[in-house]
Amino acid sequence: MDIEYNAEERAFRDEVRAFLRDNLPADVAEKVKQYKRLTPEEMVHWHRVLGEKGWLAMHWPEEYGGPGWSPVQKHIFEEEAAEAGSPRLLPFGINMVAPVIIKFGTQAQKDYYLPRILRTDDWWAQGYSEPGAGSDLASLKTRAERQGDHYIVNGQKTWTTLGQHANMIFCLVRTDPTVKKQEGISFLLIDMNSPGVTVRPLITLDGEREVNEVFFDDVKVPVDNLVGEENKGWTCAKYLLTFERTGIAGVGISKAALAHLKTIARETVVRGTPLIEQPAFAERLAELEVELMAVEMTNLRVVAAAEAGGVPGAESSFLKIMGTEVRQKISDLYREAAGPYALPFIDESEPAVGPEFANVAAPTYFNLRKLSIFGGSNEIQKNIISKAILGL
Amino acid sequence: MDIEYNAEERAFRDEVRAFLRDNLPADVAEKVKQYKRLTPEEMVHWHRVLGEKGWLAMHWPEEYGGPGWSPVQKHIFEEEAAEAGSPRLLPFGINMVAPVIIKFGTQAQKDYYLPRILRTDDWWAQGYSEPGAGSDLASLKTRAERQGDHYIVNGQKTWTTLGQHANMIFCLVRTDPTVKKQEGISFLLIDMNSPGVTVRPLITLDGEREVNEVFFDDVKVPVDNLVGEENKGWTCAKYLLTFERTGIAGVGISKAALAHLKTIARETVVRGTPLIEQPAFAERLAELEVELMAVEMTNLRVVAAAEAGGVPGAESSFLKIMGTEVRQKISDLYREAAGPYALPFIDESEPAVGPEFANVAAPTYFNLRKLSIFGGSNEIQKNIISKAILGL
Amino acid sequence: MDFSYSDEQRMLKDMVDRLVADQYTFEARESIRTSEAGFSAEVWQQFAELGLLGVPFSEAAGGFDGGGAELMVVSEGFGRGLVLEPYLSTVVLCGSLIDRLADETRRAELAEGIIGGETRYALASHEPDGGYDPHWVRTTARAEGDGFVLDGHKAVVAHGDSADRLIVIARSSGEIDSAEGLSAFIVEADAAGVHRRGYETIDGHRAAEVTLEAVHVDADALLGEVGGAGDALESALERGVVALCAEAAGAMEIACDLTLDYLKERKQFGVPIGSFQALQHRMVDMRMALEKVRSLTFWAACSLESDPAERRQRIAAAKVMVGKAGRLVAEEAIQLFGGMGMMEESAIAHYAKRIVMIDHYLGDRTWHMAALRETLTDTARAA
Amino acid sequence: MDFSYSDEQRMLKDMVDRLVADQYTFEARESIRTSEAGFSAEVWQQFAELGLLGVPFSEAAGGFDGGGAELMVVSEGFGRGLVLEPYLSTVVLCGSLIDRLADETRRAELAEGIIGGETRYALASHEPDGGYDPHWVRTTARAEGDGFVLDGHKAVVAHGDSADRLIVIARSSGEIDSAEGLSAFIVEADAAGVHRRGYETIDGHRAAEVTLEAVHVDADALLGEVGGAGDALESALERGVVALCAEAAGAMEIACDLTLDYLKERKQFGVPIGSFQALQHRMVDMRMALEKVRSLTFWAACSLESDPAERRQRIAAAKVMVGKAGRLVAEEAIQLFGGMGMMEESAIAHYAKRIVMIDHYLGDRTWHMAALRETLTDTARAA
């Protein structure tokens, strides 16, 4: 039993650190740490840097271009990348559509899409949720009717993250409305430049445009873009939901956030005393540190179990809940640290009012409410645990 | 709008205070404040003192011997009595069986039982819950079969508070097992000295004997002891559940408990500093004070609404939850205040180990878990609010 | 004990409620919020015409002589509509200072300008490194000739961008965190040496950073005595806290109502999500949080004239509860709404933002808890 | 990184688990608990025969040389069965002091007495007005002739009633709360001047108040140097905290299991209460609390040899989490069981009591939080 990394693992960590030091643009890392917006170019650049190194598609089998990492290596990479302030990777191509294509796609689909994903030629979006189908995903209504060698797609998707930049979207669509709701669904790849596709921004309460609605109005999609069998899309969807998500707890991100908060608490002097020396603030900081340590070690235990050959199943639901709770609490304390300067709502392009960090504190706090809502709400995760682990 | 008592109300409060000062035995009050056990004699004595004064049956109509108090007066009395350390009144006779007799009883039952309750001639117990019927009270199984002018009762009741001292018990019994579960229930008064009644103590986790199981084995009960109509007992039960319960929040008790805790925190010196001057402890004390103030004013708002003619309905469920939560939290801090001396489990008849208050701290904390369980669990209260107030 | 409204209070309530219902639909508010000024001059004039701007002023100053109850009634109504006009700044905070500090003639004149809706004020009290401490004042007032020269930096001055005049708290003596030595000056917002950087706040209001560089004011700019503004400032801020708590109570009420409606409407798995027991119990917790805020706000509002220790305790308790229970209601409302709760186009998002951000005005939960904790310790020492 | 058990650790775990399953059914435990001694001498002998009493001792002392992992494995197993024997007192706390302080010959001799099950020890360290501070020592050690004279009062000495010997921490120099100047003495429990008042604890264990009045001990009663016990005491207490955390983890696991079983069995309204979503989600929260305690205990156990700052942080974090998450699990378990959870005849009540009361041994949540908070501030000052 050894909680320390062994020599090989340490060597790998050093390699990752060196790579990040040499390749992660400092200004981008600074923006990430300070919860600032990245440009699409900055995001794509980082994907391509990793792609060239062969580290982009961490979870892919080696034969398709994955790096062949063990669970511990994946963990080390994610943790180091997050702590260094790397941009978060967009999961839609690499970790969502790609595994489905690898598992269910035709050879032609694999040959065409996978290299493009590795090169970040396409910006993928996810077309799952609909206005009437959130937690109850299978009740989706977007229709795809076969006409010759095309589907004609009509309907609407929502919460499409960063869809404004995307040129491709994978969608769950209803191809048979006459059968049980899970049974008439298909998994379709749609070119967002097709006539009839409209993207409408959804502005979130912090003023961001992170999500969108996507409308399909008689959109023609070649049948070649069907992944897996027609009406078997639910199988793809379920596969995706259980697909390995080591980073779900976001421990590296939380560690970086807490470290940043500590720096802030040392540097922010209120009434002559740094925040970190004010007992009530220090108490809350220490409480969060304990919580985060618990999440970190729980995450490592799951990683270690995976390393030992175990398959993380519903445990990832625990990690999702624990990890998002602590991230949200950190953002709450960050807001508190800002004091009255949490109020100014200043565009990042303008000079800050008060301490540099303060103006993004409240927007970040509000933005991070999403963590417990999207990606399977924490209530859904509890339902999953109740059923799968507790047998209730 | 005036949150202060008016002259009349103040005069009444002074009267209550004077009465308590002159009549409440000091040793009993001290025991109550220190969470110590009272003897049955001490409890009965206090009932009789109040009975003689005409203040025992606060909620009864004046024609039956109630004092004719307004809701504000009732509140004042309860609050003052609790703060002074009066023994809690046993509700089973005065506030439970009596209202049912007044509402549904025959003239003979009224003439016989009500004066006895006012004089505390009988010690009443409640026979509602059964091992298989807790929250789902209507699924009770205790059978009463009519034979001539008697019922023959067989079955078991549980959680019978202080049943070891009781000579009378009111029970919900099943008189018709063939109909819907709510419809075959009757309300029966049973002499606990009847052959076939056995009382078995249930010891709670703090070592107390507060509750009991009561077994009925072919117990003969005169049909005269039926209150209301046969098979209409559920009406009595529902009436009781909605019967005015001004004291449900236990604000006076909590105020006395918090005041006691403050005294302890001033007197208990740890590492050279009184607890109350230790920031983490003071913070928790202040938090509880805020919580209790919120409960107190919410309670007063309900009292004021009653005074203005409103009928408190499901609001009492809010008060039950809020009031019990704060009482439990106070007991938790009390346990914390005891430090390592919370551990010794010393019988009250033995000298204390460490500070006087410390040895009852943990037993009290564990004992008060009952507050959120009995009297309609807090979960049941939330269900009631969901349905009755929120319409969910 | 009588918790019911007087006839006048009921009329006031009805008036505010009607005004908010008519003028402050979510759409109307959005158009006011996104306007250049960030509030509506027309609505402000309506406030004036309806007499709302005179509610807290003494009769001597030409007002309605409203107390805590009236302040609560108005602010709760404003909270329900998320009203954006600078009522708190102009009427509650600056109005109170003028009412308490100005001499008789000046008071009537200044109050008239407020009550009639002609002049809007902002209170420039707190400073960049003072957090929520109103006594942490570095801004200096130096006597020069007949008047004074002011220098300093005032932080997050609510509605400081659009105010016609500022009331600036400046120090002529005393330690940096002392209530002694503070004076209040009326400063024209466009006076030479006054620089304002206006901005939106995340909850849809406006504020400004105000710097004063050698700002010359006349002798009559001074309200009251030199160095004698401490008590009046405390009193004004206490009224401000009560107004904020009542606003929070109003906003929390609507947040609960909107969430409850959503639980009943929104269907998943073929049933309204309000049929799920876990969500029901959380909705109950939200309502319980609302009741606690209502109760403590009510208590604080009725205690504005009580003795200092009691008054301070009740006011601090109310603000602490707003910070705690408000956050619970706001977070749960967003969570129960799911994605829709995150959307700028949803009313609930704006309620959530206002409720949470009220914690950042005039002292947050931690600030007021510290006051309560110290009181407890002091009482213990005295005992 | 390798979180799996070694073969030896697995064997140890199986042994403890089997022992607990065989010997520590709830009924068996009740009969041990209510016995005169409050623990079973037979079970203690079994521990000796199985080698359990030697687990943490160094090989030099004739032990198994077990580290944090072994300590955790044993204690977690004991927690599952709510084991009552004085393992923590004798083996973990006093064993560690002997192992670290005694000179070579003495160490082997003393360890042998423990490992063989002949001698049971209790650590008399904390004092009545010192709360959880192990350095708050008023008890004095005065050199006299060849030996020492001890005077003082030791509070809530776990298993002090039945111990054959006490290890008494006494001060020969230094401020009242200083780690400097503390010495450790072995004192026969029946020595002249030793008074013990034994009692039960609410969680079913035993303890004693110990007073020492002019207790004369020989020179060889002293373990290590005069005034030099500070580091060894810290180390022993850290091991004690890890053992307690692991015990809590084991007890919480069973509390969760029992509650889950009850949710599945208990029917109300015609269905198992586990079908109610509100209760399901609360059961999930309980399990999450358990996982957090497991994780931090694991980390603490693996950090016993890490550098002081890291080690202290992890150990304090684990105990804080036990206090917090343990209370949640205990309270929720009782609540979900309803009345049955309140009953002395229900196993769950005893798990709840032990879990909550572990907070009161060797520093509660507030105590360890203060340590973490101070570390944070110190680090900040140093940076």
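Predicted model: local features only at pLDDT ≥ 70, side-chain atom pairs only at ≥ 80, totals over all residues.
Which exposed residues does the face of helix 12 of chain B turned away from its buried side carry?

View 1. Helix 12 of chain B, which spans residues 378-388, has B:Asn378, B:Glu379, B:Gln381, B:Lys382, B:Ile385 and B:Ser386 as buried residues. When one looks down the axis of helix 12 of chain B, these buried residues fall within an arc of 155°, so they line one face of the helix. In an α-helix there are 3.6 residues a turn, so residues three or four places apart point the same way. The face turned away from the buried side of helix 12 of chain B carries B:Lys387 and B:Ala388, which are exposed.

View 2. A:Thr298 is placed in helix 9 of chain A, which covers residues 279-307, and with a relative accessibility of 5% A:Thr298 counts as buried. A polar atom of the side chain of A:Thr298 lies 2.6 Å from the backbone oxygen of A:Ala294. Apart from residues up to four places away in sequence, A:Thr298 touches A:Leu319 and A:Met322, and also D:Glu291 and D:Ser295.

**View 3. A salt bridge between two helices of chain A.** The side chains of A:Arg284 and A:Asp332 meet in a salt bridge, with a distance of 3.1 Å from N to O. This pair links distant parts of the chain, since A:Arg284 belongs to helix 9 of chain A and A:Asp332 to helix 10 (residues 315-338) of chain A, 48 residues apart. A:Arg284 is partly exposed, with a relative accessible area of 28%, whereas A:Asp332 is buried, with a relative accessible area of 3%.

**View 4. A salt bridge that joins chain B to chain C.** Here the side chains of B:Arg301 and C:Glu291 meet in a salt bridge of 2.9 Å, N to O. B:Arg301 lies in helix 9 (residues 279-307) of chain B and C:Glu291 lies in helix 8 (residues 277-301) of chain C, so the pair joins two chains. At 24% relative accessibility B:Arg301 counts as partly exposed, while C:Glu291 is buried, with a relative accessible area of 10%.

**View 5. A buried salt bridge in chain C, and a network of salt bridges.** C:Glu344 forms a salt bridge with C:Lys353, and the closest N and O atoms of this pair are 3.0 Å apart. Both C:Glu344 and C:Lys353 are buried. Elsewhere, salt bridges that share partners join A:Arg301, D:Lys13, D:Asp17, D:Glu76, D:Arg80, D:Glu253, D:Glu291 and D:Arg294 into one network. Over all chains the count comes to 112 salt bridges.

**View 6. The interface of chain D and chain A.** In this interface 44 residues of chain D are in contact with 42 residues of chain A, and the two chains bury about 4100 Å² between them, 69% of it on carbon and sulfur atoms. The count between chain D and chain A is 7 salt bridges; A:Glu283 forms a salt bridge with D:Arg373, with the closest N and O atoms 2.5 Å apart. Across the interface there are also 16 residue pairs in polar contact. On the side of chain D that touches chain A, helix 4 (68-81), helix 7 (230-265), helix 8, helix 9 and helix 11 (365-382) of chain D each supply at least two residues. The largest share of that side, 15 residues, comes from helix 8 of chain D.

**View 7. B:Asp218 in strand 7 of chain B.** B:Asp218 lies in strand 7 of chain B, which covers residues 211-222, and is partly exposed, with a relative accessible area of 49%. Leaving aside neighbours within four places in sequence, B:Asp218 is in contact with B:Ile152, B:Val153, B:Asn154 and B:Pro195.

Methods:
Residues numbered from 1 in each chain as written. Chains lettered and ligands numbered in written order. Heavy atoms only, no water. Helix = DSSP H or I, 4+ residues; strand = E, 2+ residues; numbered from the N terminus. Buried < 20%, exposed > 50% of the residue type's maximum accessible area, 1.4 Å probe, protein only. Polar contact = N/O pair within 3.5 Å; in protein donor to acceptor, adjacent residues only side chain to side chain. Contact = heavy atoms within 4.5 Å. Salt bridge = Lys/Arg side-chain N within 4 Å of Asp/Glu carboxyl O. Arc of directions from axis to C-beta. Buried area = accessible area lost by both parts, 1.4 Å probe.
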